[in-house]
Each structure stands twice: as structure tokens, then as C-alpha cells.
Amino acid sequence: MMARLKTLAKLLILLTLLVCAVWFGTFHMNTAIRFQKYTNTSVVRLQEMGREVGVAPPFPPNIPHGGMLRPVGEVLQQQWARDLYLFLKTMDSKLITFVSANFEYTRQLLNWLINACVVTKMPCRNVLVLAFDQRLHTYLQSKRISSIYINRDTFIMLPNVRVHTPSSYIYLIRFAVMRVINFWGFDVLSVDLDAIVLKNLSALFDKYGDEDIVGSVGHYPFDLNKKWSLTLCMGAVLIRATPHTELIWDVSANGTIQDDQMTMNYILNDLGMEWHQAKTPNEDYCVQGFTPQGLKVTILSNSIMCRSCEHTYLGTYYVWHQLASKSFEAKHQQAAKANLWLLDPQWNYTSDSKKSLTGLEWLDSLFQKSD
């Protein structure tokens, strides 16, 4: 009798495993089919634009080139791209905001999320964190914060590319992610962790609905700053999904400069960008640029997206992005000086990981509210 029970138990276990395997395989097969259908739709979209798929446009003459990033078709088959696709399928907006970090910058990331999602009330469901290590990704997933994990050694770059610095990995990966988001028809707002959102950015960008790119004032690369008296800062930049920006992505993928701000501004220069000062809808001065191909870029004034920020004028800024050294201590001090460091100083990863709070409720619990 006992032998029969043991045999029956084994059969039940095998049957359970078989059912799970069939379900798992069916789920992933359906996901792959939907993913491929979405990819094919993107290819059709490019063809409707009059673009030949897989063929790069004429390359600007002054950009060193030879190729850095793999073709979009190869990138789309990687796991992080599939995870990104599943995230985009849940969106109720065409605008996706993303920030990137590794575990070392968890405190700065949490402070950014508190400012953006709790205080400014930016829709957190449309915010994506690009996690450069599994530990941060797992932590955010446990707190129901949207995140995709992308290893810096992932096959985004071509095999013969030698990455110069750790920062170069970040720039190249961010470029690849923004390119894929645009390729699938979504607008993307890429924001540095020290670019703190203070007001509703969707309302701001709606005023510039005809622009392909909207960003803030930069002064690097220095040679172009000398020529133009400003450059486009990539620390808080909106890039819309248009045929003009697709041209930029094609060019950047085939270049060899491993700095996103240098790459973007050199491409704008080689495309013949001409800048003109104009008044914005709220009477602040901004600079608008046009290329012969029809690309439109607006660089917002320092009173809207500040780089040289006055602490007494926080109420006028949409984004606070004070210049500081790259160290965590320097950025923490700048934010604290402006009363924008809102993460509870008692926050601790070990104890916080054990808490059951998730989402906005969790972020609100980390908010150090003033007395």
C-alpha cells in the first residue's frame, strides 16, 4: 500500500511539473509572438516614413565613425529589450521617463523618486529605472518600482569596441535604451539622478509639441560652446519619436565618441544646426534651433531648467540640476542646501528590505517631512 502511495505521489509531482512547464513555455511563446509582432510593426513604421530598414542615412562628415552599437534588430532580441517591451505595454502615456543607477547610488535614486513621485506627483507608473546591477533591480522589484536590469557587459556594443571608461558604459547603454524606446514609437525623457523634478513636465513639454528635442542649457563640448555660446545638456532631455530623431540615432550608433553630450551636439553641428533666440509661452527666453533637414530643437532657459541654480528661486524651476562634482557627497550637499534632499537619513537598506510597504506608499514612508 505504501509503495502504491509513493508511486502515485511521484506521478502527481511529475504531472504538476509537466503542467507548469507547458504553461511557462506557452506564456513565453505568446510573449515572443507579441514581441515579434511589435517589432514588425516598428519596421513598417519606418518604411512608412520613407526610410529603408537597416540602411543608415548619409553620415555627417566630421563625426569619427566605424560603429559602436549593434543594429537595432540584434538589440531587440536581448532580454533587457524584452523586459522593456513588457513595461511599455503597460503604459498609459506616450512619454516615458527614465533614470539610471547602480546599487551604490540607491540613496540618490530614492531621493529623486521621492521628489518626482511623492512631492511633484509625476505618474510613477510611467517612470522606469534602468538598473545596472541585479541587487538594485531585485530591491526595486520587491517594492513594485518599475525597473529593468541591464548588465554593463551586455551585447549592446559591437565585439571590437573598447570602452574607454566606466562612465562610457553608462552613456552607451542609455543611448541604446533611448533609441529602442523611440524606435517603438514612445517619446523618452532621460533624467540624471541629480536633475530633480520640481513641476509637472508633461504640461511643460506640451507647450513645445512641434519640437523633436527639448532640453536645458549646457556648455560642453567647449569648442561648440565657443561657437554657439551654449550646447544641449543631456542631463534632462526629451527626445521624441520622429523621423528626424531616428536619423540622429542611426548616426550616433555608427559613431565612435563615447560621450552622449559630445555625440549629440557634434551631430547637431554637422547637420547644420542654426540657433535663434525666441520667447517661450511663459515669456522666458529660450533658444530654438533648426537644421536644413527639418529637425527642431529647443533649449529652455535657465529659469525653467536650471544648471546655475538660485536657491531663492526654486518656485520657478521645473528641473533643478545644479552644477556639482560627480561625487555623491557633493551632489548630496547641493540638494540638501536647496532643501531638496528628502530621503530620511535613517533609511537603511537591510531594515527597509524587510518592510512590506510598496509603491507610492513605500516612497512616502521614506520622505523626511519637515516639522
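This is a predicted model: local features need pLDDT of at least 70, side-chain atom pairs count only at pLDDT 80 or more; totals for chains, interfaces and linings use all residues.
Residues are numbered from 1 along each chain as its sequence is written, and side-chain values use heavy atoms, with hydrogens and water left out. The protein has 13 helices and 12 strands (DSSP runs numbered from the N terminus: H or I with at least four residues for helices, E with at least two for strands).

**Overall picture**

- Of the 371 residues, 51% count as buried (buried is under 20% relative accessible area, exposed is over 50%, and partly exposed is in between, with a 1.4 Å probe and protein chains only).
- The accessible surface comes to about 18,400 Å², and 56% of that belongs to carbon and sulfur atoms (Shrake-Rupley method, 1.4 Å probe; for residues, only the protein chains shown count as cover).
- Take the contacts between residues at least 6 apart in sequence: 69% of them join residues at least 24 apart (a contact means heavy atoms within 4.5 Å).

**Strands and sheets**

- Strand β2 (residues 127–131) is mostly covered, with 5 of its 5 residues buried.
- In a regular strand, side chains alternate between the two faces of the sheet.
- In β2 both faces are covered: Val127, Val129 and Ala131 are buried on one side, and Leu128 and Leu130 on the other.
- Strand β1 (residues 95–101) runs parallel to β2, joined to it by 5 bridges (strands pair if DSSP finds at least two bridges between them).
- Ala101 has Ala131 of β2 as its bridge partner.
- Elsewhere, an open sheet of 3 strands runs in the order β5-β12-β11, with mixed pairing.
- In that sheet, β5 (196–197) and β11 (305–306) stand at the edges with a single partner strand each, so one side of each has no neighbour in the sheet.
- β11 pairs with strand β12 (residues 319–320) in the parallel sense over 2 bridges, and Met305 stands opposite Val319 in β12.

**Salt bridges**

- Side chains of opposite charge can pair when their charged atoms come close.
- A search of the whole structure turns up 5 salt bridges (a side-chain nitrogen of Lys or Arg within 4 Å of a carboxyl oxygen of Asp or Glu).
- Asp92 and Arg125 form one, at 2.6 Å N to O.
- Asp92 sits in the loop between α3 and β1 and Arg125 in the loop between α4 and β2, so this pair ties together parts 33 residues apart in sequence; both Asp92 and Arg125 are exposed.
- Arg240 and Asp187 also meet in a salt bridge, at 4.0 Å N to O.
- Arg240 is in the loop between β7 and α9 (243–253) and Asp187 is in strand β4 (residues 187–191), so the pair links parts 53 residues apart in sequence; both Arg240 and Asp187 are buried.
- Lys331 and Asp194 make a salt bridge too, at 2.6 Å N to O.
- With Lys331 in helix α11 and Asp194 in the loop between β4 and β5, that pair ties together parts 137 residues apart in sequence.
- Lys331 is buried at 14% relative accessibility, and Asp194 is buried at 12%.
- Arg174, Asp192 and Asp260 are linked in a network of salt bridges.

**Asp212, a buried charge without a salt bridge**

- Asp212 is in the loop between α7 (201–206) and β6 (213–218).
- Asp212 is buried but has no salt bridge, and the nearest side chain of opposite charge, Lys296, is 7.0 Å away (Lys and Arg count as positive, Asp and Glu as negative; His and the chain ends are not counted).
- The side chains of Asp212 and His244 are joined by a polar contact of 3.5 Å (N or O atoms within 3.5 Å; within protein, one must be able to donate a hydrogen and the other to accept it, and residues adjacent in sequence count only if both atoms are side-chain atoms).
- Leaving aside neighbours within four places in sequence, the contacts of Asp212 include Leu238, Arg240, Thr242 and Gly294.

- The peptide bond from Tyr220 to Pro221 is cis, with omega near 5°, and Pro221 lies in the loop between β6 and α8 (222–228).
- Lys121, in the loop between α4 (106–119) and β2, has a positive phi near 65° despite not being glycine.
- Ser229, in the loop between α8 and β7 (231–239), has a positive phi near 75°, again in a residue other than glycine.
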